[in-house]
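Good morning. I will take a few minutes to go through one structure, and then I will stop.

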Amino acid sequence: MPWSRFEKQWSIQEEGRILSYKDALREAIDQAMCLDPKVFAIGLDADDCYGVYGSMLNLSHPERVLGTPISENAMTGVALGAALTGMRPIHIHMRVDFLPVAMDQITNYVSKWKAMFGGKPKVPLVIRAVVGRGWGCGAQHSQTLHGMFAHLPGLSVVTPATPRDAKGLLLQAIALDEPVLFLEHRWLYKNEGAVPEEMYTIPLGKGQYLRRGDSLTIVAPSLAAIHSLQACEEHDLDVDLIDPRTIKPLDRELILDSVRRTGRLLVVDYDSPVCGFASEVLALVAEEAPEALLAGAQKMTFPDVPMPASGVLERRYYPDPDRIAAKAKAMISRVKGEGALV
Amino acid sequence: MMENAQIKPAEGLDLYERMLRIRLLSEHILEVYRDDVMETPVHLTLGQEAVAVGVCAHLRDEDVLSLGHRTHAGALAKGLPLKSLLAELYGRSTGCSGSYGGSMHVYDPEHGIHGSSAIVGGNIALGVGAALSFKLQSKEGVAVSMFGDGACDAGVFWESMNYAALAGLPVLFLLEDNQLSNVMPKSKHLYPDPRAIAANFMPTYFADGTDAISVFLSAKEAISEIRRTGRPAFLHCPTKRWMKHQGVEEEDLPFIHIDREKDCPIQKLESFLLGARMATPGELKQVRAHLEEELEAAIHYARQSPYPPVQALEV
């Protein structure tokens with residue numbers, strides 16, 4: 001599989017210590033393991049020579065990296081049991097498509113455990129999973145699923161777009177006493193950016209502006225944030241670009257403030273369209289700031305079909321910077337009041 | 001069964017007290033349940049008391065017990081205070097899970113109960129996780145995953161035994177085999193003998209699950225082996241469920257034969273203790289009187305406790 005052909009995406013030019021997304025993840029895990037002997041990583045092929053696409057190679061505590069059989073459901077329960085009894089597990093899955101195998105544990109156990117016992121238990125469990133299409137990998141190795149998991153009460157869903165956020169959000173997720181699903185886009189692994197060397201955390205539920213503008217608000221998580229920024233910069237678009245950083249909790253105020261100012265909203269979400277993150281953001285604005293929608297609100301997502309394998313179809317399935325730019329331009333050019341709510 | 005040289009009188013009386021506590025709670029539930037004062041489905045442990053009690057006699061507070069939906073016997077045997085369980089059943093904020101759990105979801109980490117689950121099978125994995133935690137922290141401790149024959153149908157049963165054996169974890173797989181999955185007989189839901197499956201992974205032990213002494217002795221052997229080797233073991237305890245899967249009606253399946261005298265773990269233990277002169281009728285009576293008082297106080301505590309504030313759900 002020729003990963004190198006497309007693996008490195010357009011990325012933000014920054015000054016400082018430059019690190020890849022993958023190495024930022026690795027550094028977060030290593031620093032957390034060095035700081036706290038209760039942190040350990042566990043997962044299918046977590047301990048092999050590839051180290052989860054390099055994100056777990058050469059750690060200072062290899063004895064705390066445990067491989068597992070192909071038993072995602074039981075192993076999620078094992079990780080939960082360890083979390084409840086004093087450890088801080090990071091359960092890693094090389095593809096998000098393996099998480100549905102563990103859906104009983106994630107839905108009925110992990111996400112419920114704190115609330116089901118009156119908020120008393122501490123559940124310091126991070127589930128890492130790599131999302132995104134490969135190369136002709138078809139329907140079972142190309143999913144995102146962050147919207148599906150965000151639907152579950154009791155589970156936070158984190159989607160870092162930059163190396164800096166990958167490290168800070170992962171350290172935050174590990175530090176929390178509640179379960180966090182941490183979704184890393186495979187296409188961002190080689191992207192580089194400035195990453196502080198010291199340990200730092202970024203709180204869940206705090207989005208960020210990647211670009212400021214007045215004519216259109218774009219909300220886009222994970223790889224979609226980077227592609228949207230690329231579209232804006234290459235086409236010089238007057239866009240307020242928000243990377244929510246976390247799907248849940250969601251930085252509602254940041255989105256509402258922006259939409260109230262720009263009057264136009266585009267959600268770019270590399271996930272399925274029905275009952276998903278994009279729909280959630282549109283619902284938020286419809287509930288809280290309907291007056292701001294007068295110049296239109298749209299979403300750009302996958303089509304509502306499973307991913308096909310053929311390259312021709314696969315490239316059409318995923319939105320890309322050019323299509324984002326075209327959509328944004330069309331929305332910006334629309335006069336307020338015209339074509340409202342479409 | 002009765003190998004009286006291997007059990008001390010104090011141990012025998014302790015088994016008796018723990019089983020009777022569970023029995024009296026069940027009887028209280030039978031009395032009040034139809035009035036809807038407990039708004040939670042109950043899976044009673046009438047007739048099955050010996051399994052949890054015989055095993056928990058060998059556990060310390062810090063040892064972990066991972067339970068499924070049929071919680072009452074295991075939770076009380078492990079040390080969950082009766083009043084906390086009753087308050088939970090009565091839906092009060094002083095309940096062991098703050099009223100958010102109900103009968104199927106009990107929580108008492110001080111006694112090694114880190115929650116229980118109503119989706120059959122999954123709790124087996126949580127016990128294995130607790131055992132992994134003991135191992136990673138170099139702590140002495142045993143985890144017990146307690147489950148019924150229905151859970152043996154599920155993939156998580158296999159997955160959990162496989163990992164526990166591969167990783168070498170101090171966990172007891174405790175099969176409380178009431179030979180029913182809801183109303184389905186074991187012959188219709190489980191093809192192989194579960195003990196034969198387990199034997200591929202770990203040493204297995206067997207006990208009569210209606211006989212507290214039998215469970216006590218086999219569990220003693222299994223748990224000492226786990227403590228000695230740090231590796232998993234399996235204990236199979238066939239028993240009999242007197243009630244329907246859920247609720248307060250008696251089981252009336254045509255293929256289930258229950259003799260409430262002969263199959264009663266409490267009566268069996270009484271006869272044993274008296275026959276072996278390990279206890280006098282007066283002592284047993286005293287235990288019962290003490291437990292009845294404890295139950296009265298716990299009921300009072302639960303009924304006097306406040307309901308949870310509904311404002312907690314306002315967003």
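I will describe the two chains in turn, then the contact between them, and end with one residue.

Before anything else, please keep in mind that this is a predicted model.

Let me start with chain A. It has 12 helices and 14 strands. How compact is chain A for its length? Its radius of gyration is 20 Å, close to the 20 Å that the globule rule gives for 342 residues, so chain A is as compact as a globular protein of that length. Along the principal axes, its C-alpha trace spans about 60 × 45 × 40 Å. Of the 342 residues, 62% are buried. The accessible surface of chain A is about 12,600 Å², and carbon and sulfur atoms account for 54% of that. If you take contacts between residues at least 6 apart in sequence, 81% of them in chain A join residues at least 24 apart. As for charges, chain A has 36 positive and 42 negative ones, and their mean positions lie 1 Å apart.

Now chain B. Here we have 11 helices and seven strands. A compact globule of 315 residues would have a radius of gyration near 20 Å, and the 19 Å of chain B agrees with that. The C-alpha trace of chain B spans about 60 × 50 × 45 Å along its principal axes. In chain B, 58% of the 315 residues count as buried. For contacts between residues at least 6 apart in sequence, the share joining residues at least 24 apart is 74% in chain B. There are 29 positive and 41 negative charges in chain B, with mean positions 4 Å apart.

Next, the contact between the chains. The size of an interface is often given as the accessible area lost when the parts come together. Here chain B and chain A bury about 2,300 Å² between them, and 69% of this is on carbon and sulfur atoms. Which residues of chain B lose the most area to chain A? They are L126(B), E159(B) and Y163(B), together 24% of what that side buries. In total, 33 residues from chain B and 31 residues from chain A take part in the contact.

Last, one residue in chain B. H111(B) sits in the loop between α4 (82-89) and α5 (122-136). Is H111(B) buried or exposed? Its relative accessibility is 17%, and buried means under 20%, so H111(B) counts as buried. Leaving aside residues up to four places away in sequence, H111(B) touches D61(B), D63(B), K78(B), G79(B), L80(B) and P81(B).

That is the end of my part.

Technical notes
Residues numbered from 1 in each chain as written. Chains lettered and ligands numbered in written order. Predicted model: local features only at pLDDT ≥ 70, side-chain atom pairs only at ≥ 80, totals over all residues. Heavy atoms only, no water. Helix = DSSP H or I, 4+ residues; strand = E, 2+ residues; numbered from the N terminus. Rg over C-alpha atoms; globule rule 2.2 N^0.38 Å. Buried < 20%, exposed > 50% of the residue type's maximum accessible area, 1.4 Å probe, protein only. Contact = heavy atoms within 4.5 Å. Lys, Arg positive; Asp, Glu negative; His and termini not counted. Charge placed at Lys NZ, Arg CZ, Asp CG, Glu CD. Buried area = accessible area lost by both parts, 1.4 Å probe. Areas by Shrake-Rupley, 256 points an atom, 1.4 Å probe, with all protein chains shown as cover.
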